[in-house]
Amino acid sequence: MTNYLLFIALPYASLAVFLVGSIYRYINRGFSVSSISSQFLEGRKLFWGSQPFHWGLFVLFFGHLIAFLFPRAVIAWNGQPVRLLILEITAFSFGLCALLGLILLVNRRLTSRRVQMVTSKMDIVVFIVLLTQIISGLLVAYHNRWGSSWFAAFLTPYLRSIFVFNPQIDAVASVNSLSLQIHIVSAFSLIAIIPFTRFIHFLVYPIDYVWRSYQQVIWNWNRKNIRTSRSHSEGHRSLNN
Amino acid sequence: MDIRSQISMVFHLDKCIGCHTCSIACKNIWTDRKGAEYMWWNNVETKPGTGYPTKWEDQEIYKGGWEKDGDSVSLKGAGKLRGLKNIFHNPHMPVLDDYYEPWTYKYQDLFTAPEGDDQPTARPVSLVTGEQMDVQAGPNWDDDLGGSKDYARQDVNMKALSSAEQEAMFQLERMTFQYLPRICNHCLNPACVASCPSGALYKRGEDGIVLINQERCRAWRMCVTACPYKKSYYNWHTGKSEKCVLCYPRLESGQAPACFHSCVGRIRYLGVLLYDADKIEKAASAPDDQLVDAHLDIYLDPFDPEVIKQAKANGIADSTIEAAQKSPVYKFVKVWKLALPLHPEFRTLPNLFYVPALLPTMATVANGVYDTTSKSLWNGVESNRLPMKYLASLFSAGNTSKIVEVMKRLMAVRLHRRGLTVGDLNSAEISTAMNEVQMNGDTADAIFRLTALATFDERFVIPPAHREESIEMLENTADVKGNTGFGFKERPARGL
């Protein structure tokens with residue numbers, strides 16, 4: 001019963017909350033969609049925390065994504081022990097980076113008086129979920145070797161079954177690893193709280209900056225398209241309004 | 001030719017009395033809010049001095065603005081690759097202490113303090129943390145300290161001077177200062193817009209005002225770094241950047257921006273300039289010594305029939321073209337060539353121009369006597385109290401001939417008017433000065449008039465925003481024809 005709750009009900013509930021909540025917040029509460037950086041109040045400690053934390057998570061996120069999308073490729077790569085070791089050690093070090101960064105960030109938030117002024121309750125929730133997530137992940141990687149290989153056998157089928165609305169939880173439920181179960185549960189909890197926390201900022205990572213032109217000029221309306229008596233029903237409505 | 005119109009500005013520094021009324025007007029309207037207390041969209045600095053935020057002009061520290069990159073320009077401290085790389089921590093961003101920690105006083109203590117031997121005092125408390133603090137700096141902490149060691153001598157523009165020239169400048173009898181009021185320049189090549197990863201910053205097509213869309217700002221903070229004038233500020237409370245909006249709600253209703261309106265010395269002028277947007281990249285990437293000329297070359301003659309034709313074809317309203325023809329900025333910048341941009345070497349093509357101040361008489365000290373008599377009136381331009389190299393570092397990217405030319409023109413106007421009103425100069429001296437800058441009496445009189453006697457409407461020529469048409473921005477009025485005004489909530493029907 002607990003397994004059904006944790007591995008079927010929770011994932012669907014969190015994904016639904018995530019989708020509906022994020023879209024609602026983006027459309028109706030656009031002003032609140034921000035990374036609400038506190039670098040302006042404290043910059044030096046932020047560097048040592050934020051850089052390893054974000055780059056660590058960045059690599060881990062894509063690592064998980066690749067393992068989910070292309071499990072065969074990952075297993076093929078792991079065919080040789082050296083390559084397996086390289087992959088596992090790299091992933092583990094980025095995990096440690098993220099953990100170290102996060103600890104420094106927690107410390108900064110607790111010790112800097114100025115940063116405390118812009119700390120909300122949800123920031124504490126974010127810290128707790130992230131700490132759980134990263135520590136449980138590191139424990140799984142350490143105790144249940146080698147995750148990059150068994151991921152394909154246990155987690156990929158489970159995650160895929162979730163997304164095709166035919167949940168198969170036998171594989172994950174059979175794994176006798178508390179840390180892995182915590183890792184899964186906290187992962188879905190993390191997804192669920194995205195719309196209610198500053199996590200929202202990773203959804204608006206400004207990747208479109210890469211192909212945008214540097215200068216932006218916006219006309220309230222296009223004066224060349226001013227409606228005349230002959231074309232009064234056609235009009236140009238600018239995106240800005 | 002891609003003609004656009006730009007609301008642009010001239011500040012006449014000779015008239016600035018450093019009263020900070022502009023700053024207060026702006027503060028009261030726009031930045032008297034939590035998170036914005038430290039922001040001064042309009043501030044007045046003392047030059048020489050370190051300014052606000054401290055040493056903002058030093059792009060070795062803050063990496064603002066553009067730098068020449070082959071035939072074009074690239075952002076110095078931001079840009080696509082750098083911006084996305086530094087998004088988790090922006091290494092060149094000024095922090096609160098580079099501005100100052102805003103504070104208030106515990107005034108209640110004056111009333112509630114128990115009776116005692118001492119006077120009750122109102123201790124300063126931080127507006128960020130609410131705790132008691134020792135005030136270390138403020139927005140104008142270098143105010144009037146033209147000779148000070150910590151401020152004036154730390155002025156970034158001192159790099160343009162040799163140490164001997166600096167020492168000469170700080171001799172007691174030479175010591176001087178002038179004021180430099182600053183607002184957002186609403187640049188033609190804004191570095192803040194280019195640096196914003198989420199595309200929240202934009203330039204308004206109709207009038208060129210640069211704005212931040214608060215709904216799209218995601219606190220990536222790149223604009224704070226990229227603006228070389230440090231006129232984009234981060235609101236630590238809302239997690240959004242904010243900047244001078246040139247009081248666009250006032251402009252749209254035909255009123256001058258608050259800082260302009262309230263200016264006690266009447267130093268501020270506002271008007272339209274027409275410019276050719278196709279020339280922006282070329283002008284921004286001109287070599288240093290040609291920067292000012294290339295920049296001013298972008299602005300077009302609003303009386304030229306070809307310009308008018310192209311402007312109309314580009315959808316610029318007749319009323320805007322008319323405003324451009326009456327623009328005091330056009331006169332100061334293009335016709336009379338009296339105003340220069342601030343730090344053109346940042347290559348953002350700013351639209352705020354400064355008429356430099358002709359400083360007071362240069363005195364000499366001999367045998368312990370302070371002597372203010374001189375051979376010629378005001379002792380000529382080159383022996384100005386502030387060295388020409390210093391002014392060139394501020395207003396002409398180090399091109400001294402440019403600033404000398406402007407000073408000579410200003411001096412010619414003074415000599416001409418002195419000849420008319422006091423009449424104690426010999427006419428040869430006046431005509432030599434006038435001929436040197438090829439100025440005639442009528443021009444000098446016109447400059448005098450607009451400088452000293454101009455009325456409100458001559459100083460601020462604001463083009464109509466055509467609000468009568470603004471409804472059409474939001475909806476197609478033809479669709480709702482007959483639906484507005486008195487209507488029916490229920491369909492009228494006869495009988496039951």
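How many residues does the contact take from chain A and from chain B? The contact takes 40 residues from chain A and 40 residues from chain B, where two residues are in contact if their C-beta atoms, placed from the backbone, lie within 7 Å. The model is predicted: local features need pLDDT of at least 70, side-chain atom pairs count only at pLDDT 80 or more, and totals for chains, interfaces and linings use all residues. Residues are numbered from 1 along each chain as its sequence is written, while chains are lettered from A and ligands numbered from 1 in the order in which they are written.

**Chain A side of the contact**
- Helix H2 (44-69), helix H5 (113-117) and strand E1 (217-218) of chain A each supply at least two residues; helices (H or I, at least four residues) and strands (E, at least two) are DSSP runs, numbered from the N terminus.
- H2(A) gives the largest share, 5 residues.
- By class, this side has 18 nonpolar (Ala, Val, Leu, Ile, Met, Phe, Trp, Tyr, Cys, Pro), 17 polar (the others, Gly among them) and 5 charged (Asp, Glu, Lys, Arg) residues.

**Strand pairing between chains**
- E1(A) pairs with strand E8 (residues 201-204) of chain B in the parallel sense, over 2 bridges; pairing requires at least two DSSP bridges between the strands.
- A:Val217 has B:Lys203 in E8(B) as its bridge partner.

**B:Gly398**
- B:Gly398 sits in the loop between helix H16 (388-395) and helix H17 (400-421) of chain B.
- B:Gly398 counts as partly exposed because it has 18 C-beta neighbours inside 10 Å (buried means 20 or more, exposed 12 or fewer, with C-beta atoms placed from the backbone).
- Leaving out residues up to four places away in sequence, B:Gly398 touches B:Ala160, B:Asp288, B:Ala392 and B:Ser393.
- B:Gly398 and B:Ala160 are 238 residues apart in sequence, yet 7.7 Å apart in space, C-alpha to C-alpha.
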